[in-house]
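User: I am new to this structure. Please give me a close look at one part of it, and then carry on from there.

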Amino acid sequence: MHPLFDHISQEVAITPDDFNQTLHYFDHIHCKKKQLMIRAGELVSRQYFVIKGCLRSFLIDDNDREYTVQFGIENWWMSDFTAYFTGAKSILYLECLENCELLAISKNSMDKLYIKVPTLEHFFRQKLERAFVSFQKRIISNLHKSAEERYYDFLAQYPDIEQRVRNYQIASYLGITPESLSRIRTGRTQKK
């Protein structure tokens, strides 16, 4: 079956006919490594479902320091969701870390899809609830866990991603320096 059908079917029952209607609302796109799908300061019209590849959302501060907000791998949804849902300009960049195959859907198409296939409104509500919980856990983790504990949480959330992303990107996700990440990894290797 189609990866999106499998993804949706894990959460809600969707008929093949409803799924075929659903696909008409998405654009199937291929993107190159290093391609920016979203730039800070722009309006965000689409969110993306990752069929194949790896993406990263990040922001850049006034000192040109990058802060990774999220990685997106197969079966993940990516966008600057604040901008997507509110119509505000993006504060994030969305970059392809690998050549990617994505499904893109606009907010307008999503609203039409909810009417056409009501099951999907329930599906996306569940996804948003889980995303909210995940982000809240990450904020709490960043407030009281050590860098090493955050690294292990990262490995649990993104198994096997270390080979797909650069060390400085992982460090920026964890809120630490690349040197600190290296020390944590060295300590981890010595414990084995």
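Analyst: The model is predicted, so local features need pLDDT of at least 70 and side-chain atom pairs pLDDT 80 or more, while totals for chains, interfaces and linings use all residues. Residues are numbered from 1 along each chain as its sequence is written, and side-chain values use heavy atoms, leaving out hydrogens and water.

Start with Cys31. Its closest cysteine sulfur belongs to Cys96, 4.4 Å away, which is too far for a bond. A disulfide is a pair of cysteine sulfur atoms within 2.5 Å. Cys96 has its own closest cysteine sulfur in Cys100, at 3.9 Å, and that is also too far for a bond. A search of the whole structure finds 0 disulfides.

Cys31 is buried, at 6% relative accessibility. Cys96 is buried as well, at 1%. Buried means under 20% relative accessible area, exposed over 50%, and partly exposed in between (1.4 Å probe, protein chains only).

Now the helices. These are DSSP runs (H or I, at least four residues), numbered from the N terminus. H4 spans residues 107–116 and H5 spans residues 119–144. Their axes come within 6 Å and cross at roughly 125°. Axes are lines fitted to C-alpha atoms over the stretch in contact, and angles run from 0 to 180 degrees between N-to-C directions. H4 and H5 are therefore oblique to each other. Angles under 35 degrees count as roughly parallel, over 145 as roughly antiparallel, 65 to 115 as roughly perpendicular, and the rest as oblique.

H4 brings Met110, Leu113 and Tyr114 to meet Leu120, Glu121 and Phe124 of H5. Contact means heavy atoms within 4.5 Å. The H4–H5 contact has 5 nonpolar, no polar and 1 charged residues. Ala, Val, Leu, Ile, Met, Phe, Trp, Tyr, Cys and Pro count as nonpolar, Asp, Glu, Lys and Arg as charged, and the others, Gly among them, as polar.

Ser146 is partly exposed, at 35% relative accessibility. His24 is 122 residues from Ser146 along the chain, and their C-alpha atoms are 46 Å apart.

H6 (residues 147–157) packs on H7 (residues 167–174) at about 115°, with the axes 10 Å apart. That makes H6 roughly perpendicular to H7. H6 supplies Arg150, Tyr151, Phe154 and Gln157, and H7 supplies Ile170, Tyr173 and Leu174. By class, this contact divides into 5 nonpolar, 1 polar and 1 charged residues.

Terms used: Helices (H or I, at least four residues) and strands (E, at least two) are DSSP runs, numbered from the N terminus.
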